[in-house]
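These are my notebook entries on one structure.

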Amino acid sequence: MTLSEELAWRGFLAQNTFDNASDLDKETRKFYLGCDPSADSLTIGNLAALMMARCFMEHGYEPFLLAGGATGQIGDPKENEERQLKSLDEIECNVRAIEAQYRRIVGDKITVVNNYDWFKDIKFLDFLREVGKQFSMTQLLDREFVKNRIGEGGAGISYAEFSYSLIQGYDFLHLFRKYGVSLQICGADQFGNCVSGLHLIKRLEGKDVDVWSTPLIINKSTGKKFGKSEDGAVWLDAEKTSVYKFYQFWLNVDDAGVIDYMKIYTMLDRDTIEKIAADHTQNPGARTAQKILAREVTKIVHGAKQAENVERVTDVLFGGDLGDLSDDEIKILEQEIPTAAIGKTVVQILVESEIAKSNGEALRLIQQNAISLSGVKISADKEVNEKSLLKKGKNQFVLVK
């Protein structure tokens, strides 16, 4: 496939400034993708844009990935309220963390830039004269997020956040002037801010540049923005979303969306994905597509070894042999499920792990065949004297060691 064909097939096609998408195929260009350091980790929402960047790179485009140390001091405006300002130390820490994630996911053949490096020396009056004079208030007030904030019932907007799109527009101007970057890629929610850069470059340099955006990912089964779990956002940092929980998130995606997510979040080719889709249609209950998706995305974000570890841990939890796990895999289990010491009875373990509220309830669970020990149902209380996996129903576990 050409680049334009692959972007359309994978679902990376929303608003853009091209007369025809096939213009992307005529010559390779330098592009940039930016992210504000609002946290010390990216989420799977950011991951979609990074996977789009990888797609451009596969077709010969040269990437510049921006960590917004300057724009992060203002904060990308929300639809309904002001952002809380972060300390400069926190922003600096977040920038370093995001740079590391860029390299882990996209690779080292990238140029990472921080817009604080050029904004720290710009004087306010110089910025107003060069940049502010190029925008009319009518144009800025017409932005959707501004209308939402200042319209009836809106929370209002500070001058700082109102100016955000001008700051982002200057980023594009700077990268165009210094590196020859002529394309910005982004999520669809950023398209309006990105157009500021086009306007600025046209006014000050007399050149045409472009923006290409990807749709926000929607969970087809709920209609809500994709990437939220019961615990909140799904992070790329294992300290925020453990590798096990990350893997489980993908393993449990809905049948309606799994193939679309595979196109977006993996680099599997078209033939491979179409074969997986055909198998999934024939036997969705096997959840083969979800297993492949979970493995591939976990490999991209956390590495092949970690993906293999959580895959084996999952297999053990849902029917495998605990003795097959390595020490590293046992450690993953210990982080995710309650543990109990060898030498206690099943009733004691159920109560201490809060699976049962009382000894009586624990005994009833045993008598109802709701408890298994290392894959074998038990019908009476017993002392556990070896490393075992105690399980209630399908999803409650205790590691006895």
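Before looking at the sheet I wrote down the pairing rule: two strands pair if DSSP finds at least two bridges between them. The elements themselves are DSSP runs numbered from the N terminus, with helices (H or I) of at least four residues and strands (E) of at least two.

I noted that this is a predicted model, in which local features need pLDDT of at least 70, side-chain atom pairs count only at pLDDT 80 or more, and totals for chains, interfaces and linings use all residues. Residues are numbered from 1 along each chain as its sequence is written, and side-chain values use heavy atoms, with hydrogens and water left out.

**Entry 1**

I looked up the strand order and found an open sheet of five strands, 8-12-11-9-10, with mixed pairing. Strand 8 (339–340) and strand 10 stand at the edges with a single partner strand each, so one side of each has no neighbour in the sheet.

I then went through some of the pairs. Strand 11 and strand 12 (residues 396–400) run antiparallel and are joined by five bridges. Within this pair, Leu389 has Leu399 of strand 12 as its bridge partner. The hairpin of strand 11 and strand 12 has three residues between the strands, and Gly393 there takes a positive phi near 60°.

Strand 9 and strand 11 are also antiparallel, with three bridges. Strand 9 is joined to strand 10 by two bridges, again antiparallel. I checked Leu373 on both sides: its bridge partner in strand 11 is Leu390, and in strand 10 it is Val376.

For cover I used relative accessible area: buried is under 20%, exposed is over 50%, and partly exposed is in between (1.4 Å probe, protein chains only). Strand 11 (residues 388–392) is mostly covered, with four of its five residues buried.

Which residue sits in the loop between strand 9 (371–373) and strand 10 (376–377)? I found Ser374 there, with a positive phi near 50° although the residue is not glycine. Ser374 has a relative accessible area of 43%, so I put it down as partly exposed.

Arg287 is another such case, with phi near 55°. Arg287 lies in the loop between helix 13 (270–282) and helix 14 (288–302). Its relative accessible area is 26%, so Arg287 is partly exposed as well.

**Entry 1: helix 2**

Helix 2 (residues 44–58) has 15 residues and reaches 21 Å from first C-alpha to last, close to the expected 21 Å. The expected span is 1.5 Å times one less than the number of residues.

How many of the 15 residues of helix 2 are buried? I read eleven, so by the cut-off of under 20% the helix is mostly covered. Among them are Ile44, Leu47, Leu50, Met51, Cys55 and Phe56.

At the N-terminal end, Thr43 caps helix 2, with a side-chain oxygen 3.1 Å from the backbone nitrogen of Gly45. After the helix comes Gly60, whose phi is positive, near 95°.

**Entry 2: a nonpolar patch**

Last, I looked at the surface, where Phe124, Leu125 and Tyr159 form a nonpolar patch with about 390 Å² of accessible area together. Such patches take residues with over 30% relative accessible area and no salt bridge, nonpolar side chains being joined within 5 Å. A salt bridge here is a side-chain nitrogen of Lys or Arg within 4 Å of a carboxyl oxygen of Asp or Glu. The areas come from the Shrake-Rupley method with a 1.4 Å probe.

Tyr159 belongs to helix 8 (residues 159–162). Its relative accessibility is 53%, so Tyr159 counts as exposed.

Conventions:
A polar contact is a pair of N or O atoms within 3.5 Å; within protein, one must be able to donate a hydrogen and the other to accept it, and residues adjacent in sequence count only if both atoms are side-chain atoms. Patches are made of residues with over 30% relative accessible area and no salt bridge: like charges are joined within 9 Å, nonpolar side chains (Val, Leu, Ile, Met, Phe, Trp, Tyr) within 5 Å.
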